[in-house]
Amino acid sequence: MSGGTALSGRVRVTGAKNSALKLMAAALLAPGRTAIDEVPDILDVAIMSEVLRRLGCDVTYERTPGSGGGGRVVVDVPEKPSTETDYDLVRRMRASISVLGPLVARCGSARVALPGGDAIGSRGLDMHISGLERLGATIVSEHGFLVATAPRLTGTSIWLDFPSVGATENLVMAAVLAEGTTVIDNAAREPEIVDLCSMLTAMGARIDGAGTSTITVEGVEGLSPVECTTVPDRIVAGTWAIGAVMTQGDVVVERAVAEHLTVALDKLTDAGATVETLPDGFRVAMQDRPRAVDVVTLPFPGFPTDLQPMAVALAAVSTGTALITENVFEGRFMFVNELVRLGADVRIDGHHAVVRGRERLSSAPVLATDIRAGAGLVLAGLVSDGVTEVQDVHHVDRGYPDFVEQLRGLGVRIERTQRPA
Ligand code: UD1
């Protein structure tokens, strides 16, 4: 990709990967045909489709033209799904673990392989496990699998030590079919949790407090399949917004929800950008070199950890020095070594990064280590002199449908020299 072009034009975001995968898992809770729209056409959706197929579901995907890389998934769930998810799938996508809650609730048992190491930290499952145990499941770890059994789950009160997104989702999906009332305290409040709870409510679940720290679920006997639409991807939208500011461009992000990115958009305003909320999205424009802004990642509504690599890339070309603090995932600064290869001045101390801005970066071959780090490196390539080659770009494909095509639509000279995995 050649640096030096200001991003300019319109781009549409489809549904959030981090919601669509959980909505697909939630389909397991009801026999019959569930349809989900605005599902991004990315590798992780193909992996989740395979997870569901091996559980006995019939899964189809059809692209929706003009949607910005989205489509419709239809999951046809059998009366009696199988209950085992193998390591070959969980290893490729950790979010496969979100079938655990629905399977235990619906089938009374589940065998889901334990995910292995992860490029962005240890990412334990303790809150998923202890929460399901409090709901009455027996969980043992054997031969690399988590084996959960529970003839019928029973409502209870659960306090999460940290507002984990995945644990909140797994526990809500288990509690909807439990006997009695479950209260989850210190629950995650992300828009993707609200999206999941809306789908479950449409299926017949009784849920109160989604989007707050206390979620109350009154168990029901059974759920019905539905048709629903995935919430827009705030991380993809935030990536475009930061890209517009870094390149001193002007971008309209269609279908983005500004309230899902309040802190991030405020930071961009602090950096000197003009942010305008539109009826169906927002516009971000930047005239000068951005000013350095400090960023602290936190669970929603804080600054999203998934946008942290983009925040570091932004600071790398801002005027002044920024302190970026990562509070959600240990090890999420590993990509910084690659950014330094592009000439960025970044010093890491534990979970802090001190970034001294430079006028421009300098192109080099760099390696994408995960989805978001890869996107951050692509943004850095946009402000590097010369031609930057981002290798292992299949990581970026996992989170950004049609990324290369969309960048091209915004004026970037970019080509893919490696096929998607
Ligand atoms: C989800 C998102 C990911 C995002 C993250 C935080 C998906 C597929 N992924 O990941 O993109 O960065 O939310 O917004 O939706 N933890 C434990 N024990 C547990 C569960 C979590 O210690 O039982 C820790 C993790 O190691 C991490 C922190 O809690 O340090 C946050 O994890 P969590 O919110 O669960 O993130 P995920 O659901 O894995």
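User: Which residues make up domain 1 and domain 2 in the domain assignment of the protein?

Analyst: The model is predicted. In the domain assignment, domain 1 is written as two segments, 8-13 and 233-409. Domain 2 is given as residues 17-219. The bounds are therefore 8-13 + 233-409 for domain 1 and 17-219 for domain 2.

User: What area do domain 1 and domain 2 bury between them?

Analyst: The size of an interface is often expressed as the accessible area lost when the parts come together. Of the area buried between these two domains, 52% lies on carbon and sulfur atoms. The area itself is about 2100 Å².

User: Which three residues supply 28% of the area that domain 1 buries against domain 2?

Analyst: No other three residues of domain 1 supply more of this area. The three residues are R12, F300 and R398.

User: Which strands lie at the edges of the open sheet of four strands?

Analyst: The pairing in this sheet is mixed, and the strand order is β9-β10-β12-β11. Neighbouring strands are turned against each other by 15° on average, direction ignored. An edge strand here pairs on one side only, and this applies to β9 (157-159) and β11 (206-208).

User: Which residue of β12 is the bridge partner of R206?

Analyst: Strands β11 and β12 (residues 214-218) run antiparallel and are joined by three bridges. The partner of R206 in β12 is E218.

User: At about what angle does helix α6 run to β10?

Analyst: Helix α6 comprises residues 165-175 and lies across β9, β10, β11 and β12. Its angle to β10 (181-185) is about 170°.

User: Which residue in the turn between β19 and β20 has a positive phi?

Analyst: Strands β19 (residues 345-349) and β20 (residues 352-356) run antiparallel and are joined by five bridges; V346 stands opposite V355. The two strands form a hairpin with two residues between them. The turn residue with a positive phi, of about 60°, is G350.

Definitions and conventions. Residues numbered from 1 in each chain as written. Predicted model: local features only at pLDDT ≥ 70, side-chain atom pairs only at ≥ 80, totals over all residues. Heavy atoms only, no water. Pairing = 2+ DSSP bridges. Axes fitted to C-alpha atoms, helices over the stretch in contact; angles between N-to-C directions. Contact = heavy atoms within 4.5 Å. Buried area = accessible area lost by both parts, 1.4 Å probe.
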